[in-house]
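Please consult the sequence and the structure shown below while reading.

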Amino acid sequence: MTGTPALELRSVHRTYGFGPSATIALDDVGLTVPAGRFVSLIGPSGCGKSTLLRIAAGLEEPDHGEIRLHGVPPARACAAKMIGLVPQSPALLPWLSVLKNVTLPHRINKRAARRRERITGSGERTTNAPDMRQLLVKAGLGEAMDKLPAELSGGMRQRAAIVRAFGLRPDVLVMDEPFSALDEFTRESLQDQLLDLWDELKTTVLFVTHSVSEAVRLSDTVVVMAPRPGRIVDTIEIDLPRPRNDRLFAERRFHEYEDLVRDRLHSAWHREAA
Amino acid sequence: MSGVREVGEVSEMTVVDARTEHATVGRPPVEPSRYSLRHPRSRIAWVRPAIWAPFVLMVAVLALLWHWGAEKLPYLLPPLSDIGHSLSSDLGYYTGNAMVTLGEATAGLATGFAAAFVLAVLTSELPPLRRAVMPIAVVLNVTPLVAIAPALVVAFGFGPTPKLVIAALICFFPIFINVSAGLRSVPQQVLQVYRTIDASRAELLWHVRVPNALPYLFAALRIVFPLSIVGAVVAEMSAAGSARGLGTAISVASSMNQLPVVYASIAVLAVMGVLLLLAVTLVERRVLHWHDSAHD
Ligand SMILES: Nc1ncnc2c1ncn2[C@@H]1O[C@H](COP(=O)(O)OP(=O)(O)OP(=O)(O)O)[C@@H](O)[C@H]1O
Ligand SMILES: [Mg+2]
């Protein structure tokens, strides 16, 4: 299993529209993510981060290029429930309680378990469906389990969406700016909780963000993108120890990484302007 | 008297129509009981004169106006006491005819509802069918369908069939259009979440689209329940030879110049409409407890 990467994109192109008004959202994008890595995509607005995420999650087809998740194309990965998606908004069903919202995916597409066993070889991840109640308690939603989404705060709803995705024990977790609508304080506590959950499940994460410190804090690898055409300009390994606690964020190394990412973002920006 | 009281309830309930589309706004935490006066939507608020006095005053003014009108225009308005007398002395006549009309209306409603719901699901799943059907449905929805009642009487005779057909037709289009909109208005990001786990169309329909369409369905039902009675009555009135139903009672009584019977029948129809509206609202409160519209 260690041989095949969790996610592999090869020369992926995606263009929206036709003729002179066409937008090249992704131009010859290649990316290889080994299993268990936390990878962030960062870049200015319109550089194709969401497009890359949708294509990786099988929600959209590229014009050409190849995508493999644990060696299979996205459609097969979806059919085997190997992908967990956390969109920008929580996207909970307003008529279901939090508990029912996070357990509904288990009752959908039940044939996925066997397909997944065949793809990933071992069924060790899939055999015991995690106790969703326990996962909710861990995410601080123990009290809110039987409430409706409308009765929760924005941060709690986003946590429920994360638990819903983690509950699938996905082989690849894709998240599109899941914290962007939250205030600074809530965001930091959710980042901690995300890292806690991730520590336990050790799944592969593809995480889109606008925030440099969020990317450095969470990731093993930060992928810097640039727009017009949308492309990958840099890949930075964040070599900081885990677990990453508050003490680490006061350290110089942390800020050096932040400066490095910011620097690469700027040079991508200026190269484009020139 | 009771008829007038019910009219007041209608105006109070129509306010509920002002609905918001998504239940994103938080509800206040559970506070004083709804049987306490301090609750913002207390169920016993009516014990306060400030709540009921304006309504009672309005009813009294209306009754006085009617009384005055009945003296000035005896050929338009019968005295209220005559209407009340007719109602109480011939109660069996009114309830018997009311049951006939109600039966036609609800049978039409059930037929129209079933057909509309099934077609809405089919068109939401089959885009070519939707493109074929939707434009016609939108046009027919604004067409006054009651106008074809005489033609239906010619086709189906004086039995209950034309009444049922009219009631069903009237109910069909609002339900069809609203449920179609509801099935298709699931937010994009919700669909994306369920597409990444490869939910089948049936699973998506059952777990996501149909529940999402329920608020739209109830918005239509609140319009369509009282309308079904209008359809049945119009069909009864167009079938000059039919024997029963409140529509027949009205046309017979007006041809014989029995104004109190006409108005008594109208009052009974109004009560029926209110009861139907009340029934929808009660069911809606149970089914849509999660939705904003169920909380006012
Ligand atoms: N469905 C679409 N139709 C047409 N153009 C699109 C569509 N989706 C994306 N684009 C275009 O593709 C480019 C990349 O969009 P994308 O949403 O991937 O950017 P992004 O990096 O996620 O930006 P942001 O940080 O603002 O979310 C943009 O120029 C956008 O206008
Ligand atoms: Mg985006």
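Over all chains, a search of the whole structure finds 18 salt bridges, a salt bridge being a side-chain nitrogen of Lys or Arg within 4 Å of a carboxyl oxygen of Asp or Glu. The model is predicted, so local features need pLDDT of at least 70 and side-chain atom pairs count only at pLDDT 80 or more, while totals for chains, interfaces and linings use all residues. Residues are numbered from 1 along each chain as its sequence is written, chains are lettered from A and ligands numbered from 1 in the order in which they are written, and side-chain values use heavy atoms, with hydrogens and water left out.

| Pair | N to O distance |
|---|---|
| A:Arg10 and A:Glu66 | 3.7 Å |
| A:Asp63 and A:Arg14 | 3.5 Å |
| A:Glu237 and A:Arg37 | 2.5 Å |

The salt bridge between A:Arg10 and A:Glu66 links distant parts of the chain, with A:Arg10 in strand S1 (residues 7-16) and A:Glu66 in strand S4 (residues 64-69), 56 residues apart. Helices (H or I, at least four residues) and strands (E, at least two) are DSSP runs, numbered from the N terminus. A:Arg10 is partly exposed at 42% relative accessibility, and A:Glu66 is partly exposed at 31%. Here buried means under 20% relative accessible area, exposed means over 50%, and partly exposed lies in between (1.4 Å probe, protein chains only). A:Arg10 and A:Glu66 also belong to a network of salt bridges that includes A:Glu8 and A:Arg68.

A:Asp63 is partly exposed, with a relative accessible area of 41%, whereas A:Arg14 is buried, at 15%.

The side chains of A:Glu237 and A:Arg37 also meet in a salt bridge. A:Glu237 is in strand S9 (residues 231-237) of chain A and A:Arg37 in the loop between strand S2 (23-33) and strand S3 (38-42), 200 residues apart. A:Glu237 is partly exposed at 43% relative accessibility, as is A:Arg37 at 27%.

**Helix H6 of chain B**

In helix H6 (residues 149-156) of chain B, the buried residues are B:Ala149, B:Leu152 and B:Val153. These residues lie on the same side of H6(B) because they cover an arc of only 105° around the axis, the arc being that of the directions from the helix axis to the C-beta atoms. The cover over them includes helix H7 (161-184) and helix H9 (201-238) of chain B. On the face turned away from the buried side, H6(B) carries the exposed residues B:Val154 and B:Ala155. Just after H6(B), B:Gly157 takes a positive phi of about 85°.

**Contact between chains B and A**

The contact (heavy atoms within 4.5 Å) takes 22 residues from chain B and 27 residues from chain A. Between these chains there are 0 salt bridges. Helix H8 (188-195) and H9 of chain B each supply at least two residues of the side of chain B that touches chain A. H8(B) gives the most to that side, with 6 residues.
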